[in-house]
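I opened my notebook to look over one protein fold.

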Amino acid sequence: MSKIKEFFKANYKPVINPIIVLLCICIVISAALAGANMITKDRIAELSKQQKQESMEKIFVGAEFKQREDSNGEYFVAVLNGEYIGYVFTEVGKGYGGAGITVMTGINADGSIKAVSIIDAADETPGLGQNVTKERFYKQFSGMTGEVTINKTDADPNKNEIMPETGATISSKAVKDAVNACMERFKNANNQSANNSETEAATDEK
(Lines give C-alpha, C1' and ligand atoms only; values in the text may rest on other atoms or scores of the structure.)
Protein backbone atom coordinates (compact mmCIF):
# COMPACT_ATOMS: atom_id res chain seq x y z
CA MET A 1 0.00 0.00 0.00
CA SER A 2 2.84 2.37 0.90
CA LYS A 3 4.46 1.75 -2.50
CA ILE A 4 1.20 2.67 -4.25
CA LYS A 5 0.97 5.89 -2.26
CA GLU A 6 4.56 6.71 -3.09
CA PHE A 7 3.90 6.05 -6.78
CA PHE A 8 0.94 8.42 -6.91
CA LYS A 9 2.80 11.02 -4.89
CA ALA A 10 5.79 10.87 -7.23
CA ASN A 11 3.71 10.75 -10.43
CA TYR A 12 0.72 12.93 -9.47
CA LYS A 13 1.39 15.72 -11.94
CA PRO A 14 2.47 13.66 -14.99
CA VAL A 15 -0.33 11.10 -14.51
CA ILE A 16 -3.30 12.75 -12.79
CA ASN A 17 -3.14 16.20 -14.39
CA PRO A 18 -3.58 14.90 -17.97
CA ILE A 19 -6.53 12.77 -16.80
CA ILE A 20 -8.19 15.80 -15.22
CA VAL A 21 -7.59 17.87 -18.35
CA LEU A 22 -9.06 15.15 -20.62
CA LEU A 23 -12.07 14.82 -18.33
CA CYS A 24 -12.69 18.55 -18.47
CA ILE A 25 -12.37 18.53 -22.26
CA CYS A 26 -14.91 15.67 -22.51
CA ILE A 27 -17.37 17.55 -20.30
CA VAL A 28 -17.02 20.76 -22.32
CA ILE A 29 -17.41 18.93 -25.66
CA SER A 30 -20.44 16.97 -24.41
CA ALA A 31 -22.10 20.17 -23.19
CA ALA A 32 -21.38 21.91 -26.51
CA LEU A 33 -22.82 19.02 -28.53
CA ALA A 34 -25.92 18.89 -26.33
CA GLY A 35 -26.46 22.62 -26.78
CA ALA A 36 -25.96 22.43 -30.54
CA ASN A 37 -28.37 19.50 -30.73
CA MET A 38 -31.06 21.46 -28.87
CA ILE A 39 -30.63 24.45 -31.17
CA THR A 40 -30.70 22.26 -34.29
CA LYS A 41 -33.71 20.31 -33.05
CA ASP A 42 -35.65 23.53 -32.39
CA ARG A 43 -34.67 24.88 -35.81
CA ILE A 44 -35.78 21.69 -37.57
CA ALA A 45 -39.09 21.76 -35.71
CA GLU A 46 -39.62 25.40 -36.69
CA LEU A 47 -38.83 24.70 -40.35
CA SER A 48 -41.19 21.71 -40.33
CA LYS A 49 -43.97 23.84 -38.86
CA GLN A 50 -43.34 26.53 -41.48
CA GLN A 51 -43.34 23.96 -44.30
CA LYS A 52 -46.66 22.53 -43.12
CA GLN A 53 -48.19 26.00 -42.91
CA GLU A 54 -47.06 26.83 -46.44
CA SER A 55 -48.41 23.50 -47.72
CA MET A 56 -51.81 24.12 -46.12
CA GLU A 57 -51.97 27.59 -47.66
CA LYS A 58 -51.29 26.11 -51.10
CA ILE A 59 -54.07 23.54 -50.65
CA PHE A 60 -56.73 25.96 -49.37
CA VAL A 61 -55.69 29.33 -50.79
CA GLY A 62 -56.71 32.30 -48.68
CA ALA A 63 -58.12 30.23 -45.84
CA GLU A 64 -57.46 30.52 -42.13
CA PHE A 65 -56.64 27.36 -40.20
CA LYS A 66 -57.97 26.40 -36.79
CA GLN A 67 -56.09 23.68 -34.96
CA ARG A 68 -58.00 20.71 -33.56
CA GLU A 69 -57.04 17.44 -31.88
CA ASP A 70 -58.18 13.85 -32.26
CA SER A 71 -56.80 10.51 -31.04
CA ASN A 72 -54.16 10.61 -33.81
CA GLY A 73 -52.89 14.09 -33.05
CA GLU A 74 -53.45 17.54 -34.48
CA TYR A 75 -55.39 18.46 -37.60
CA PHE A 76 -56.69 21.73 -39.00
CA VAL A 77 -60.04 23.10 -40.08
CA ALA A 78 -59.87 25.41 -43.09
CA VAL A 79 -62.14 28.47 -42.85
CA LEU A 80 -62.76 30.97 -45.64
CA ASN A 81 -64.98 34.06 -45.25
CA GLY A 82 -66.35 32.64 -42.02
CA GLU A 83 -67.34 29.32 -43.55
CA TYR A 84 -65.77 25.92 -43.01
CA ILE A 85 -64.49 24.63 -46.36
CA GLY A 86 -62.42 21.59 -45.42
CA TYR A 87 -59.89 19.81 -43.25
CA VAL A 88 -56.16 19.20 -43.38
CA PHE A 89 -54.66 16.02 -41.92
CA THR A 90 -51.09 14.71 -41.86
CA GLU A 91 -50.16 11.03 -41.66
CA VAL A 92 -46.99 8.96 -42.10
CA GLY A 93 -47.00 5.96 -44.42
CA LYS A 94 -44.52 3.13 -44.02
CA GLY A 95 -42.24 3.40 -47.02
CA TYR A 96 -39.05 1.69 -48.12
CA GLY A 97 -36.94 3.92 -45.85
CA GLY A 98 -36.94 3.90 -42.07
CA ALA A 99 -38.68 7.20 -41.24
CA GLY A 100 -41.60 6.66 -43.61
CA ILE A 101 -43.29 9.23 -45.85
CA THR A 102 -45.07 12.20 -44.31
CA VAL A 103 -48.19 13.07 -46.29
CA MET A 104 -50.55 16.03 -45.91
CA THR A 105 -54.06 15.65 -47.30
CA GLY A 106 -56.54 18.47 -47.77
CA ILE A 107 -60.15 17.28 -47.86
CA ASN A 108 -63.10 19.40 -48.99
CA ALA A 109 -66.23 19.74 -46.89
CA ASP A 110 -68.01 17.31 -49.23
CA GLY A 111 -65.42 14.59 -48.54
CA SER A 112 -63.51 14.81 -51.82
CA ILE A 113 -59.75 15.18 -51.79
CA LYS A 114 -58.73 18.76 -52.51
CA ALA A 115 -55.01 18.02 -52.81
CA VAL A 116 -52.16 15.93 -51.46
CA SER A 117 -48.75 17.27 -50.48
CA ILE A 118 -45.68 15.16 -49.72
CA ILE A 119 -44.04 16.80 -46.71
CA ASP A 120 -41.10 14.42 -46.33
CA ALA A 121 -39.81 11.43 -48.29
CA ALA A 122 -36.10 11.93 -47.63
CA ASP A 123 -35.52 8.32 -46.52
CA GLU A 124 -36.84 6.87 -49.77
CA THR A 125 -34.49 5.80 -52.57
CA PRO A 126 -33.44 8.73 -54.82
CA GLY A 127 -34.69 8.28 -58.36
CA LEU A 128 -37.21 5.63 -57.28
CA GLY A 129 -39.15 6.04 -54.05
CA GLN A 130 -38.53 9.77 -53.92
CA ASN A 131 -40.44 10.09 -57.19
CA VAL A 132 -43.64 10.11 -55.12
CA THR A 133 -42.79 13.78 -54.45
CA LYS A 134 -43.38 14.54 -58.13
CA GLU A 135 -46.64 16.25 -59.05
CA ARG A 136 -47.45 13.62 -61.69
CA PHE A 137 -47.87 11.11 -58.85
CA TYR A 138 -49.54 12.94 -55.97
CA LYS A 139 -51.87 14.92 -58.27
CA GLN A 140 -53.68 11.64 -59.03
CA PHE A 141 -55.40 11.81 -55.63
CA SER A 142 -57.19 15.11 -56.26
CA GLY A 143 -60.96 14.72 -56.59
CA MET A 144 -61.14 11.18 -55.23
CA THR A 145 -63.96 10.52 -52.78
CA GLY A 146 -63.43 7.06 -51.29
CA GLU A 147 -60.75 4.60 -50.27
CA VAL A 148 -57.88 4.83 -52.73
CA THR A 149 -56.41 1.67 -54.26
CA ILE A 150 -53.44 0.97 -56.54
CA ASN A 151 -53.86 -0.37 -60.05
CA LYS A 152 -50.55 -1.13 -61.76
CA THR A 153 -51.96 -1.58 -65.27
CA ASP A 154 -55.01 0.59 -65.95
CA ALA A 155 -55.89 2.92 -63.08
CA ASP A 156 -59.35 4.50 -63.24
CA PRO A 157 -59.64 7.76 -61.22
CA ASN A 158 -63.43 7.34 -61.16
CA LYS A 159 -62.85 4.17 -59.14
CA ASN A 160 -60.41 5.94 -56.80
CA GLU A 161 -57.47 4.10 -58.39
CA ILE A 162 -53.93 5.44 -58.83
CA MET A 163 -50.91 4.29 -60.80
CA PRO A 164 -47.80 3.64 -58.67
CA GLU A 165 -44.46 5.17 -59.58
CA THR A 166 -42.32 2.80 -61.64
CA GLY A 167 -39.98 0.83 -59.40
CA ALA A 168 -41.50 2.40 -56.29
CA THR A 169 -44.54 0.31 -55.43
CA ILE A 170 -43.74 0.31 -51.69
CA SER A 171 -43.34 4.09 -51.56
CA SER A 172 -46.48 4.59 -53.65
CA LYS A 173 -48.41 2.32 -51.30
CA ALA A 174 -47.08 4.28 -48.31
CA VAL A 175 -48.55 7.50 -49.71
CA LYS A 176 -51.81 5.75 -50.57
CA ASP A 177 -52.09 4.34 -47.04
CA ALA A 178 -51.38 7.75 -45.50
CA VAL A 179 -54.06 9.39 -47.66
CA ASN A 180 -56.59 6.72 -46.72
CA ALA A 181 -55.75 7.24 -43.05
CA CYS A 182 -56.44 10.95 -43.51
CA MET A 183 -59.77 10.16 -45.19
CA GLU A 184 -60.74 7.99 -42.22
CA ARG A 185 -59.87 10.77 -39.80
CA PHE A 186 -61.98 13.15 -41.89
CA LYS A 187 -65.03 10.90 -41.48
CA ASN A 188 -64.61 10.87 -37.71
CA ALA A 189 -64.00 14.62 -37.51
CA ASN A 190 -66.93 15.40 -39.81
CA ASN A 191 -69.27 13.17 -37.82
CA GLN A 192 -68.11 14.85 -34.61
CA SER A 193 -68.76 18.28 -36.11
CA ALA A 194 -72.24 17.19 -37.21
CA ASN A 195 -73.03 15.89 -33.73
CA ASN A 196 -71.82 19.13 -32.17
CA SER A 197 -73.99 21.15 -34.57
CA GLU A 198 -77.05 19.05 -33.70
CA THR A 199 -76.37 19.53 -30.01
CA GLU A 200 -76.00 23.28 -30.44
CA ALA A 201 -79.25 23.43 -32.48
CA ALA A 202 -81.14 21.47 -29.82
CA THR A 203 -79.79 23.80 -27.13
CA ASP A 204 -80.86 26.87 -29.11
CA GLU A 205 -84.40 25.50 -29.51
CA LYS A 206 -84.73 25.17 -25.72
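My entries follow, one topic at a time.

**Ground rules**

I noted that this is a predicted model, where local features need pLDDT of at least 70, side-chain atom pairs count only at pLDDT 80 or more, and totals for chains, interfaces and linings use all residues. Residues are numbered from 1 along each chain as its sequence is written, and side-chain values use heavy atoms, with hydrogens and water left out.

**The overall layout**

I began with the protein chain and found four helices and seven strands. For these, helices (H or I, at least four residues) and strands (E, at least two) are DSSP runs, numbered from the N terminus. Reading from the N terminus, I wrote the order down as α-α-β-β-β-β-β-α-β-β-α.

Next I checked burial, where buried means under 20% relative accessible area, exposed over 50% and partly exposed in between (1.4 Å probe, protein chains only). Of the 206 residues in the protein chain, 32% count as buried. I also looked at contacts, meaning heavy atoms within 4.5 Å. Among those in the protein chain with a separation of 6 or more, 46% join residues 24 or more positions apart.

Then I went through the pairings; two strands pair if DSSP finds at least two bridges between them.

- Strand 2 (residues 73-80) pairs with strand 3 (residues 83-93) over five bridges, antiparallel.
- Strand 3 and strand 4 are antiparallel too, over eight bridges.
- Strand 4 and strand 5 run antiparallel and are joined by six bridges.

I followed Tyr87 of strand 3 to both sides: Val77 stands opposite Tyr87, and Ile107 is the bridge partner of Tyr87 in strand 4.

Is strand 4 enclosed or open? Eight of the eight residues of strand 4 (residues 101-108) are buried, so the strand is largely enclosed by the rest of the structure. In a regular strand, side chains alternate between the two faces of the sheet. In strand 4, Ile101, Val103, Thr105 and Ile107 point one way, while Thr102, Met104, Gly106 and Asn108 point the other way.

Glu64 counts as exposed because its relative accessibility is 56%. Leaving out residues up to four places away in sequence, Glu64 touches Val77, Ala78 and Val79.

**Turns with positive phi**

Most residues other than glycine have a negative phi, and I went looking for exceptions. Asn81, in the loop between strand 2 and strand 3, has a positive phi of about 55°. Asn160, in the loop between strand 6 (149-150) and strand 7 (161-162), has a phi near 60°. Asn81 is exposed at 76% relative accessibility, whereas Asn160 is buried at 13%. I also noted a glycine: Gly111 has a positive phi near 95° in the hairpin of strand 4 and strand 5, with four residues between the strands.

**Aromatic rings**

My rule here was that rings of Phe, Tyr and Trp (its six-membered ring) pair if their centres lie within 6.5 Å; planes under 30 degrees apart count as stacked, over 60 as edge-to-face and the rest as tilted. By this rule I got six aromatic pairs. The ring centres of Phe137 and Phe141 are 5.8 Å apart and the planes are at 80°, so this pair is edge-to-face. Phe137 is buried at 0% relative accessibility, and Phe141 is buried at 0% as well. I marked one cluster too, formed by Tyr75, Tyr84, Tyr87, Phe89 and Phe186.

**Around Ser117**

My last stop was Ser117 in strand 5. Ser117 is buried, with 16% relative accessibility. Setting aside neighbours within four places in sequence, I listed the contacts of Ser117 as Ser55, Ile59, Thr102, Val103 and Met104. Thr102 also turned up as the bridge partner of Asp120 in strand 5.
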